[in-house]
Amino acid sequence: MTATTDTTTPEATTVPISAEDRAARLTAAGQGWGERIAASAKNAQLTFTAKGRAEGSVSSVIKAGKHTFTVDEPAPLAGDDAAPNPVEYVLGALISCQVVVYRLYAHNRGLTIDDLEITAEGDLDVQGIFGIDEDVRPGFSAVRISVKVTGPDSEEAYQELQRTVDAHCPVFDIVSQPTPIDVTVTKAN
């Protein structure tokens, strides 16, 4: 299966926000978390939960907080191509987390980002998924991120920002470092 690269920019589905409103939100979030954590380090510990149910051929309907989304596979991977597949969501999660952390640290450092566009590509060999070759990893063998930032600050400032973002981005950490996973399987009656 050959993956295609979509170079179009996704349509915005959020409300446009001014730079001043963004700065106010980032400042308030930083101050609020700083106060909560200063009161007790336990306040920094969060647990996120998502639940999913299998539907159709190989698709899933996922509920995370108040949001619901569908995950599927393209036809060559037994799906109906009704939604992005799991690894595309991983790339999307990586991109969106990078956006958050770029905005946060640019704000903290007094840097201006006029425009930010991030592309992520991941290489996957399906021999690992289908058990054709047990020596082939079923996940990504490599991920590439391309960040295009527009703003008035120096290229060196944005390069340093990138290093800081990668060091503090939760999804970057999840994807690039081993994370312990505990799995429990129960038979429903």
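Begin by selecting Arg36 and Trp33: Arg36 lies over the face of Trp33, at 4.2 Å from the ring centre. A charge is taken to sit over a ring if NZ of Lys or CZ of Arg is within 6 Å of the ring centre and within 35 degrees of the ring normal.

Before the next stop, note that this is a predicted model, in which local features need pLDDT of at least 70 and side-chain atom pairs count only at pLDDT 80 or more, while totals for chains, interfaces and linings use all residues. Residues are numbered from 1 along each chain as its sequence is written, and side-chain values use heavy atoms, with hydrogens and water left out.

**The whole chain**

Display the entire chain as a cartoon. Its secondary structure comes to 5 helices and 5 strands, where helices (H or I, at least four residues) and strands (E, at least two) are DSSP runs, numbered from the N terminus. Followed from the N terminus, the elements run α-β-β-β-α-β-α-β-α-α. Along the principal axes, the C-alpha atoms fill a box of roughly 50 × 40 × 35 Å.

Switch to a surface view. The chain exposes about 14000 Å², and carbon and sulfur atoms supply 54% of that area; accessible areas come from the Shrake-Rupley method with a 1.4 Å probe, and for residues only the protein chains shown count as cover. Of the 189 residues, 20% are buried. Buried means under 20% relative accessible area, exposed over 50%, and partly exposed in between (1.4 Å probe, protein chains only). Residues 24 or more positions apart account for 46% of the contacts with a separation of 6 or more, a contact being heavy atoms within 4.5 Å.

**Confidence**

Colour the chain by pLDDT, the predictor's confidence in each residue, from 0 to 100. The average is 92, and 93% of the residues score at least 70. Where pLDDT is low, the predicted coordinates should not be read in detail.

**The aromatic pair**

How many aromatic pairs does a search of the whole structure find? The search finds 1. Select Phe69 and Tyr89, whose ring centres are 5.2 Å apart with planes at 40°, so the pair is tilted. Rings of Phe, Tyr and Trp (its six-membered ring) pair if their centres lie within 6.5 Å; planes under 30 degrees apart count as stacked, over 60 as edge-to-face and the rest as tilted. Phe69 belongs to strand β3 (residues 67-71) and Tyr89 to helix α2 (residues 86-109), so the pair ties together parts that are 20 residues apart in sequence. Phe69 is partly exposed at 31% relative accessible area, and Tyr89 is partly exposed at 29%.

**The loop between β3 and α2**

Move to Ala78, in the loop between β3 and α2. Ala78 has a positive phi of about 75° although it is not a glycine. Most residues other than glycine have a negative phi. With a relative accessible area of 43%, Ala78 is partly exposed. Select Asp81 next, which also lies in the loop between β3 and α2. Asp81 has a positive phi of about 55° and counts as exposed, at 53% relative accessibility.

**The largest nonpolar core**

Which residues touch the most other members of the largest nonpolar core? Among its 15 residues, they are Val101, Tyr102, Ile113 and Leu161. A nonpolar core is a set of buried Ala, Val, Leu, Ile, Met, Phe, Trp, Tyr and Cys residues joined through side-chain atoms within 4.5 Å. The elements giving two or more residues to this core are α2, β4 (115-123) and α4, and α2 supplies the largest share, 6 residues. Centre the view on Ile113: leaving aside residues up to four places away in sequence, Ile113 touches Tyr102, Arg103, Ala106, Val149, Thr150, Tyr158 and Leu161.

Select Thr164 in helix α4. Is Thr164 buried or exposed? Thr164 is buried, at 8% relative accessible area. Not counting residues up to four places away in sequence, Thr164 touches Tyr105 and Arg109.

Finish at Arg109, which is placed in helix α2 and is partly exposed at 39% relative accessibility. With residues up to four places away in sequence again left out, Arg109 touches Glu160, Leu161 and Thr164. Arg109 and Asp133 are 24 residues apart in sequence and 48 Å apart in space, C-alpha to C-alpha.
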